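Q: I'm new to this one, could you walk me through it?
A: Gladly, let's bring it up and go step by step.

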Amino acid sequence: GVLSFIIIFQPEIRSALEHIGRSAFNDKPILENKEIVSNVITDIVTAVDNLSKTKTGALIIIEQFTGLGDTIKTGTKLDALVSSALLENIFVVNTPLHDGATIIRNDRIVAAGCFLPLSNNFSVSKQLGTRHRAALGISENSDALAIIVSEETGIISIAINGRLTRNYNKEKLKEIIIKVIKKKQNKGSTLKEQVISWKKKIKNSK
């Protein structure tokens, strides 16, 4: 019974542990700062919009609560503050990191040139390339938000929860990212409260 429970809820257990390890005991989580949140969103949206206008292919992953540590290991670690200029430069054609995915965690670009699992969803249009299948793949295996810019058309697409939607403009993209980050903040507060409660119960039981 215990083994079955662990197998069935493995993703949730791993997600909770990774979140606790990163931020549960941090008194001032980065994304509670409204100014930083606003700057991060603005930089991501600006970069994606500019990449779209120049038809520069791009794949940006915003990590949520499912840790992407294994994916990050497949790329080049950067640990740099999110900026539109850096994001745009990463995806310049024929540069070492332009083909892979760039992973964003909170207000930092943690890695670039990362390899993602490709989706096996056969209902996906054959007109969509590897970037779109990779975005779907990571969204099927985690709660991450994947942003794709097509190098053929410049169309901006989003993959989340195993679902791909297309034809986003700057305003709509910003709305989605705000929703994702707010959801993360709310869930993070709840998890932090649970951890504090667990710590108190353990302390009182001694």
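Q: What share of the contacts in the chain with a separation of 6 or more comes from residues 24 or more positions apart?
A: Such residues account for 64% of those contacts, a contact being heavy atoms within 4.5 Å. This is a predicted model, in which local features need pLDDT of at least 70, side-chain atom pairs count only at pLDDT 80 or more, and totals for chains, interfaces and linings use all residues. Residues are numbered from 1 along each chain as its sequence is written, and side-chain values use heavy atoms, with hydrogens and water left out.

Q: How many helices and strands are there?
A: The chain has seven helices and seven strands, which are DSSP runs numbered from the N terminus (helices H or I, at least four residues; strands E, at least two).

Q: OK, Arg 131: buried or exposed?
A: Arg 131, which lies in helix H6 (residues 130-141), counts as buried because its relative accessibility is 14%; buried means under 20% relative accessible area, exposed over 50%, and partly exposed in between, with a 1.4 Å probe and protein chains only.

Q: And what does Arg 131 touch?
A: Leaving aside residues up to four places away in sequence, Arg 131 touches several residues, including His 98, Asp 99 and Glu 151.

Q: Switching to H3, which residues are buried there?
A: Among them are Val 37, Val 40, Ile 41, Ile 44 and Val 48.

Q: What comes just after H3?
A: Lys 55 does, and it takes a positive phi of about 55 degrees.
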